[in-house]
Amino acid sequence: MIGISHVSMRLTAGGRAVTILDDVTFDVPAKQMVAIVGPSGSGKSTLLGLIAGLDRPTSGSIRLNGADITDMSEDKLAQYRRAHVGYIFQSFHLIPTLTAKENVLVPLELAGFPSADDRAGELLAAVGLGDRLHHYPVQLSGGEQQRVAVARAFACRPSVLLADEPTGNLDSATGEQVMELLLSLQRDHGTTLVLVTHDPFIASTMQRVIALRDGRVESDDVRHPAD
Amino acid sequence: MFEFKMAWRETRGAWRHFVYFFICIAIGVGALVAVSLFASHVNRAVTREARGLLGGDIEIRSSHPLSVGGERVLATLNERGIATAHISELVAMAARHGSGAPISERRRLTQIVELKAVDSDYPLYGTLVLDPPHSLERLLHPEGETCGTAPCLGAVVQESLLIRMGLSLGDRLKIGQAIFLVTGIVRMEPDRMANAFSLGPRVIVSREGLQAAELIKPGSRVRERRLLKLPEGTLIEPIQNEVKERLAADSVRVSGYREAQPQLKRFLDQLARYLGLIGLTALFIGGLGVAMSVHAFVREKMRTIAILKTVGADTGTVVRVYLVQAVCLGVLGTLAGLSGGVLLQAALPSLLTDVFTTDVLKQLGVSPGLSAVSFLPLVKGALLGLLTTVLFTVWPLLAIRDIKPAAIFRRDIETMSAAERGRWWTRWGLNDRLKVLTGLAVLIGLGGLSVWQAGAWKVGLLFIGGLTLAVVVLFLCGTFLIGGLVRLPKMSSLSLRYAVGNLVRPGGQTVGMLIAIGIAVTIIATVSLVEKALLRQVGDTRPVDAPTFFFIDIQPDQTTDFVGVVERRTGGVKPELTPLVRSRLHTINGETVKVDEDHNADDKQEESKEDRRKQWYLSREYVLTYLDRLPKGNEIVQGHWWISGDTGTTPLVSVEEEAAKAMGLNIGSVVEFDIQGATVAAQVASIRKVDWGSFSTNFYMILSPGSLDGAPLTYVGTIHVPPAQEIPLQEAVVAAFPNVSAIHVGDVLDNFGRVLDRLSLAIRAVALFCLLAGGFVMAAALAATRYRRLYESVILKALGATRTLIGRIFALEYALLGFIGGTIAVGLSSALSWLVLVYIFELPWSFQPVVLCSALALTMGVTVTVGFLGTFRLLGEKPLAILRHE
């Protein structure tokens with residue numbers, strides 16, 4: 001499903017080269033729930049961004065559903081994301097000028113989804129925001145904003161959901177609600193989930209935990225949450 | 001459809017941002033449409049009223065009465081059902097006669113007038129509006145009133161005559177030997193040539209009146225016009241050709257109504273064309289505002305764009321979203337501009353009213369309302385507005401390509417992109433093929449719009465070339481001067497340091513504001529500089545001994561008495577008398593001069609300038625004189641002046657340089673003149689350069705003494721007198737010689753100044769739209785950086801700065817911006833006015849400190865005012881509320 005092969009990422013900051021990811025290799029089978037953990041600066045978010053095709057690795061390749069996305073053009077990648085990838089950010093990244101419903105509508109409309117309007121309404125109802133459809137992000141709490149982001153990520157029924165510390169900006173109770181929601185939707189849709197987290201409890205709910213340190217895979221622990 | 005939905009959502013959320021975008025387009029389109037609508041209405045009216053403007057279907061014009069044979073030709077036309085009217089036009093002096101309203105010091109006893117004698121059939125076309133609204137016939141033949149011992153002759157006059165002479169209806173005027181009762185006021189005269197210059201107010205009298213005045217003597221300056229009205233359905237051209245042929249011996253000019261007003265039409269067309277180009281400048285300045293708004297908007301929307309790309313929007317989709325948004329806003333701005341233009345065009349005629357002797361626009365029935373002819377200007381205005389929007393939007397939208405979805409992770413997303421930190425060519429995208437090609441396409445597009453608006457390739461390309469050059473100069477000088485501010489030694493004044501800091505900060509759009517305001521001020525200052533130079537040329541450079549009066553139509557038998565009267569009145573000042581006679585060219589080197597009278601105005605457009613010049617020289621009337629010595633201000637450039645006192649056997653002629661060049665005359669060429677039916681052939685002996693600005697009597701053709709013996713000569717007398725003697729001298733001459741007209745040079749120059757002033761006012765009024773657009777561009781730029789300014793001002797406040805200090809920083813910043821922009825604009829306008837004066841008007845350029853300082857002050861006034869209006873509310877913001885949100 002997701003194949004990461006010898007991926008490295010180097011950036012130049014302040015005139016010197018910094019290695020963010022260093023020869024990372026692993027595969028994620030379909031429908032698996034994976035947590036990527038590690039200290040700050042270990043390259044977790046960068047890796048997630050590379051899987052989504054938001055940036056290109058310096059070397060190595062990334063395959064998604066059998067297609068190599070490292071050679072795809074910017075626009076091809078956008079189309080690919082539209083069809084296959086949902087993304088949840090730590091800081092929500094809703095478009096501030098759009099209402100909750102319109103934020104969910106954006107990917108649906110981009111994909112030319114039939115009855116997009118109804119689907120956006122249903123999704124927001126499913127995340128418990130059926131009565132906040134026409135509120136702007138600024139009128140919503142952090143938890144509500146993240147639920148809108150979750151609804152947006154699931155809008156096009158993606159086969160891969162990437163979540164970058166989805167509860168990082170939320171208090172623990174709200175974070176728990178959002179995680180419950182995310183996992184139930186993942187179960188319902190049968191989505192492959194790759195989640196970056198600092199939270200050991202959230203990591204423990206995943207089927208597999210990959211730990212990064214200084215840009216390298218430190219450990220790759222496959223288990224069952226029930227364990 | 002996603003693009004439309006998203007565009008609407010984005011606009012709804014950021015409408016404040018787009019207010020300026022909208023206004024910038026609306027101002028430009030408004031100015032353009034107002035000018036185009038006005039031009040098309042005038043054009044239609046000139047075409048519609050062509051018969052009325054000529055006064056008939058065909059006009060036969062000459063500077064002398066028709067021969068007996070000619071009169072017979074007209075009589076045969078009458079028999080064929082063709083109506084004729086006889087009109088004589090000449091300049092004459094009117095004097096108060098008998099009692100009237102009390103004479104105040106400022107009222108004149110005598111006044112030069114443009115006299116028109118008409119017969120009972122006048123006018124054949126158009127309406128003569130009189131007050132009281134009686135028939136002209138009745139007003140020109142009043143019953144029951146006596147003037148002296150004879151029954152009164154009536155005269156209807158222009159109101160300005162009554163005002164100048166302090167007369168009212170019922171008072172009497174003496175013109176020539178006749179006394180006239182003023183019976184009415186001419187409110188509108190259909191066939192008064194729409195000239196910018198007139199020598200005096202109109203007086204209309206009957207033909208009997210003209211005869212009684214005894215003004216027409218041999219050689220008098222008179223324009224005889226015969227107007228023909230053909231029966232309905234008759235073709236004009238055959239009759240026109242027939243008349244031309246049958247009256248060939250009378251050396252008359254025959255013209256049909258279609259070609260009657262080419263000068264008026266061309267003048268209005270050209271005025272509209274140049275005003276239109278200034279309107280287009282306003283639109284392009286507005287376009288700059290659009291580009292700056294879009295640029296700022298894209299920067300502001302980087303995160304949104306990155307999110308859109310993250311959720312699967314490709315670059316093309318995002319560009320289309322913002323392009324759709326820009327086009328929709330462009331449509332709205334254009335619609336507002338169209339409505340504004342329709343309202344504005346009503347104001348343009350009032351600016352131009354005084355340009356003409358008569359209220360030509362009212363006479364033509366130019367109405368400010370909309371009609372079928374408004375359609376084309378409205379459509380053109382709409383297209384220009386929309387295309388300008390698109391062209392100015394495309395370039396800044398290209399930046400969307402550079403926004404990577406990964407940018408969403410970066411904290412410094414709203415600071416500077418890598419491209420902006422690079423070398424200048426990278427910053428300007430010169431290493432990016434698409435950007436370079438787009439830039440070229442935009443320039444070609446703008447060039448296309450300019451050519452379309454100008455209606456001529458050359459003018460349009462010159463316009464866009466000049467504008468591009470001005471933008472480049474403003475950009476380079478602006479960048480250099482602002483860059484220079486950074487390198488200045490550390491300033492001790494805190495507020496000045498911060499003000500400079502605000503100007504030089506990247507992303508502040510300082511140079512954009514400079515360009516927008518600089519272009520507007522450059523146009524206004526250039527117009528003022530050219531106007532000042534022209535006025536200076538005709539007024540201030542007048543030699544101290546330039547004549548005060550030209551006395552015209554002095555008969556040969558009056559010369560001795562005239563000199564006597566003048567000497568007595570002035571205490572011995574002797575007037576200079578020059579003999580003259582009117583003529584037309586008959587042959588050049590034995591070939592008959594063919595005057596192409598049939599060409600219509602449209603054909604004329606196609607002709608080259610040289611052809612038009614040649615036609616003008618061949619067809620014009622020449623005032624001939626004979627002189628023994630080369631006059632002052634003349635210089636022989638080829639050949640020799642004849643030997644003084646040697647009358648010779650062959651008449652010789654000295655020709656003015658430009659005329660000789662246009663007509664291909666060389667030393668030895670033979671020119672034959674037609675002097676009222678008699679011909680005089682003369683050999684070109686010399687070619688002269690003439691200083692036309694010398695205010696002396698200058699001539700294109702000067703003949704050798706004896707050449708004009710027997711011709712119906714009259715004399716023109718010139719004299720310089722001190723102002724106190726002017727009115728007494730004029731009155732004495734008019735009293736002694738009623739047929740002599742006194743042309744006051746000062747009045748003529750005042751007239752010229754007034755016309756120039758009105759034209760310049762009309763141009764500046766349209767140029768004001770450029771300034772308005774420039775002001776809004778600056779407002780848009782300030783709005784784009786509003787949050788940054790707000791944030792900085794609250795931090796300064798939090799650190800203890802007072803509102804006064806922050807206000808001073810802003811004021812200094814705007815004043816500095818105005819100073820830099822104004823200085824560049826002043827330099828540009830000086831260069832531009834130099835080009836116009838030296839190459840178009842062939843006049844010297846001079847330094848005009850008052851105009852230049854005013855332009856500088858105007859720029860600083862605009863920047864400080866717009867800046868103040870844009871930022872004064874920031875001063876009142878409470879720091880905590882702002883900082884808490886950070």
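Reader: In which sense do strand β3 and strand β9 of chain A pair?

Author: Bear in mind that this is a predicted model. Strand β3 covers residues 33-37 of chain A and strand β9 covers residues 208-213. Strands of a sheet pair through backbone hydrogen bonds, either parallel or antiparallel. For β3(A) and β9(A) there are four bridges, and the sense is parallel.

Reader: What stands opposite Ala211(A) in β10(A)?

Author: Now we turn to the other neighbour. Six bridges join β9(A) to β10(A), and these two strands run antiparallel. In β10(A), the residue opposite Ala211(A) is Ser219(A).

Reader: Which residue in the turn between β9(A) and β10(A) has a positive phi?

Author: The two strands make a hairpin, with two residues between them. In that turn, a positive phi of about 50° belongs to Asp214(A).

Reader: Moving on to helix α3 of chain A: how many of its residues are buried?

Author: The helix spans residues 100-110 and is mostly covered. Just after the helix, Gly112(A) takes a positive phi of about 65°. The buried count for α3(A) is 10 of its 11 residues.

Reader: Which elements give two or more residues to the side of chain B that touches chain A?

Author: In total, 23 residues of chain B are in contact with 22 residues of chain A. The chain B side has 10 nonpolar, seven polar and six charged residues. The elements asked for are α1 (2-13), α10 (302-310) and α11 (315-344) of chain B.

Reader: What share of the residues in chain B is buried?

Author: Chain B has 30 helices and 23 strands. Among its contacts with a separation of 6 or more, 87% come from residues 24 or more positions apart. Of the 886 residues in chain B, the buried share is 44%.

Reader: How are α18(B) and α28(B) oriented to each other?

Author: Helix α18 (residues 457-486) and helix α28 (residues 803-840) of chain B have axes 10 Å apart. Their angle is about 140°, and roughly antiparallel would need over 145 degrees. The helices are therefore oblique.

Reader: How do the residues of that contact of α18(B) with α28(B) divide by class?

Author: The α18(B) side includes Val473(B), Cys477(B) and Gly478(B), while α28(B) brings Ile820(B), Ile824(B) and Leu828(B). α18(B) passes α28(B) in a right-handed crossing. The division is nine nonpolar, one polar and no charged.

Reader: At what angle does α19(B) pack on α28(B)?

Author: Helix α19 of chain B covers residues 494-504, and its axis is 8 Å from that of α28(B). The crossing is right-handed. The residues of this contact divide into nine nonpolar, two polar and two charged. As for the angle, the value is about 55°.

Reader: Is Arg808(B) buried or partly exposed?

Author: Arg808(B) is found in helix α28 of chain B and takes part in the contact with α19(B). Ser495(B) is 313 residues away in sequence, yet 6.5 Å away in space, C-alpha to C-alpha. Buried would take 20 or more other C-beta atoms within 10 Å. Arg808(B) has 18, so the residue is partly exposed.

Notes. Residues are numbered from 1 along each chain as its sequence is written. Chains are lettered from A and ligands numbered from 1 in the order in which they are written. This is a predicted model: local features need pLDDT of at least 70, side-chain atom pairs count only at pLDDT 80 or more; totals for chains, interfaces and linings use all residues. Two residues are in contact if their C-beta atoms, placed from the backbone, lie within 7 Å. Ala, Val, Leu, Ile, Met, Phe, Trp, Tyr, Cys and Pro count as nonpolar, Asp, Glu, Lys and Arg as charged, and the others, Gly among them, as polar. Axes are lines fitted to C-alpha atoms, for helices over the stretch in contact, and angles run from 0 to 180 degrees between N-to-C directions. Angles under 35 degrees count as roughly parallel, over 145 as roughly antiparallel, 65 to 115 as roughly perpendicular and the rest as oblique. A crossing is left-handed if the near helix is turned anticlockwise from the far one by less than a right angle, and right-handed if clockwise. Two strands pair if DSSP finds at least two bridges between them. A residue is buried if 20 or more other C-beta atoms lie within 10 Å of its own, exposed if 12 or fewer, and partly exposed in between; C-beta atoms are placed from the backbone.
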